[in-house]
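These are my notebook entries on one model, written down in the order in which I looked things up.

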Amino acid sequence: MKYFINSTAEYHQHDLNTLGWELTVCNSLEPVNSPCRRILSSPDSFGCLLYIFLKTIIPMDKVDTVLEIGGGMGYLMRDFLSLNPAMRAKMIDISPFLLDKQKEVLPSSKVDFELADILSVPLNNLTGFDLVIMNENLGDLPTLVAAQENQNDSGAPTDRIDAKLDHFNKQYNLHLGMNQSEHINIGALETVEKLCLAGIRYIYLSEHSCEAAVPESMQAYLSFNTPGIPEMISLKGHQEFTIKFSCLQKIAEMLNYKARRGAFADFLPLDLSDKVKTALRLATPYNDEQEIIRQFVYDLYKYEYLILIRGDES
Ligand SMILES: C[S@@+](CC[C@H](N)C(=O)[O-])C[C@H]1O[C@@H](n2cnc3c(N)ncnc32)[C@H](O)[C@@H]1O
């Protein structure tokens with residue numbers, strides 16, 4: 001199999017100067033008067049709603065140290081620190097622009113900052129954190145893009161890629177590279193393996209999923225494909241890929257982690273009012289608010305989270 005490597009590193013390091021083009025679910029809930037907040041059954045910021053949800057699964061009061069990788073504007077960590085002021089935090093981000101934004105939002109007395117690509121951070125530097133957060137960013141990590149048979153370009157060096165895929169297939173009983181047209185979330189696989197091998201007690205991951213499905217209760221209002229293999233998403237200046245969470249879950253479980261998986265709607269519960277139903281049922285939205293509601297509801301079900309708990313933790 002021939003692959004090309006899709007990397008967003010260059011874009012994040014040198015070109016990114018706003019997150020406006022890539023409105024994350026976290027950022028879309030940030031303005032207090034956001035139309036997205038108004039359609040939740042408990043209107044609040046993303047970080048607060050996530051923290052409250054995690055508390056039902058993880059003993060958050062026992063989390064003393066938290067590492068957030070790729071924290072964007074820093075809003076999620078701001079909320080975590082406001083709900084748990086005793087916690088110490090570290091932010092690792094590849095983007096100098098976004099790391100500066102995080103420094104503006106977060107108190108320097110409680111937070112350390114490191115400009116780094118998570119794939120280059122040695123495993124030893126990750127040990128010791130109670131909790132690691134990676135929200136809406138796994139799809140930014142390198143992806144092996146399956147090349148068309150008739151593509152003349154030489155692609156990425158095959159030996160190194162074959163060795164990596166061989167490692168994951170043998171070690172974790174995966175079947176990477178068997179389907180000729182399947183792109184592979186290699187950066188996400190490597191990062192999850194590294195976090196688990198570093199022995200992090202609790203790990204929260206989330207991203208657009210290629211395996212998410214619309215629940216029966218929503219099928220009258222929403223539909224999307226569930227291809228089961230990573231899909232390309234074109235964004236300003238870069239491309240990212242949806243995530244095949246079953247592979248990440250398998251790696252973690254083989255490394256003795258327990259997993260809990262679901263859609264964002266689990267902790268961002270929708271108030272399915274007549275206004276929301278109308279916006280979802282229209283063939284074409286009439287106004288901006290309806291357009292925003294449609295995109296947000298799609299994201300609530302298309303994004304998955306994966307919470308990993310080290311085997312010896314309750
Ligand atoms: C789509 S934004 C998500 C931001 C934030 N977590 C949120 O939910 O709003 C992706 C974030 O991951 C960071 N990022 C992308 N690739 C990275 C890498 N290889 N190492 C560290 N951070 C990375 C970006 O700079 C950015 O902060």
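How do the residues of the shell around the ligand divide into nonpolar, polar and charged? I began there, keeping in mind that the model is predicted, and I noted eight nonpolar residues, 10 polar ones and five charged ones.

**Entry: the ligand shell.** I found that 23 residues surround the ligand, and that Thr24, Gly70, Gly72, Ser95 and Asn137 are the closest of them. When I asked which elements give two or more residues to this shell, I came to α2, residues 25-28, and β3, residues 88-93.

**Entry: the protein as a whole.** I looked up the secondary structure next, and the protein comes to 11 helices and 11 strands. For 314 residues a compact globule would have a radius of gyration near 20 Å, and the protein, with 19 Å, agrees with this. Along the principal axes, the C-alpha atoms fill a box of roughly 55 × 50 × 40 Å. I also noted that buried residues make up 39% of the 314 residues.

**Entry: the open sheet.** In which order do the seven strands of the open sheet stand? I read the order as β4-β3-β2-β5-β7-β11-β10, with mixed pairing. The edges are held by β4 (111-115) and β10 (257-263), and because each has a single partner strand, one side of each is left without a neighbour in the sheet. From one strand to the next, the twist averages 15 degrees. Within this order I checked β2 against β5: residues 65-69 and residues 131-135 run parallel and are joined by three bridges, and Val66 stands opposite Leu131 in β5.

**Entry: a hairpin.** I then turned to β8 (residues 232-235) and β9 (residues 238-241), which pair in the antiparallel sense over four bridges. Here Ser234 stands opposite Gln239 in β9. The two strands, β8 and β9, form a hairpin with two residues between them, and Gly237 in the turn has a positive phi of about 75 degrees.

Entry: Most residues other than glycine have a negative phi, which made me look for exceptions. Glu136 has a positive phi of about 55 degrees although it is not a glycine, and I placed Glu136 in the loop between β5 and β6 (143-146). Asn173 likewise is not a glycine and has a positive phi of about 55 degrees; its place is in the loop between α7 (158-172) and α8 (186-197).

**Entry: a lysine in α7.** Lys170 has its place in helix α7. With 9 other C-beta atoms within 10 Å, Lys170 is exposed. How far apart in space are Lys170 and Val214? I read 33 Å from C-alpha to C-alpha, for two residues that are 44 residues apart in sequence.

How values were computed
Residues are numbered from 1 along each chain as its sequence is written. This is a predicted model: local features need pLDDT of at least 70, side-chain atom pairs count only at pLDDT 80 or more; totals for chains, interfaces and linings use all residues. Two strands pair if DSSP finds at least two bridges between them. Axes are lines fitted to C-alpha atoms, for helices over the stretch in contact, and angles run from 0 to 180 degrees between N-to-C directions. A residue is near a molecule or strand if its C-beta atom, placed from the backbone, lies within 6 Å of it. Ala, Val, Leu, Ile, Met, Phe, Trp, Tyr, Cys and Pro count as nonpolar, Asp, Glu, Lys and Arg as charged, and the others, Gly among them, as polar. The radius of gyration is taken over C-alpha atoms; the globule rule is 2.2 Å times the number of residues to the power 0.38. A residue is buried if 20 or more other C-beta atoms lie within 10 Å of its own, exposed if 12 or fewer, and partly exposed in between; C-beta atoms are placed from the backbone.
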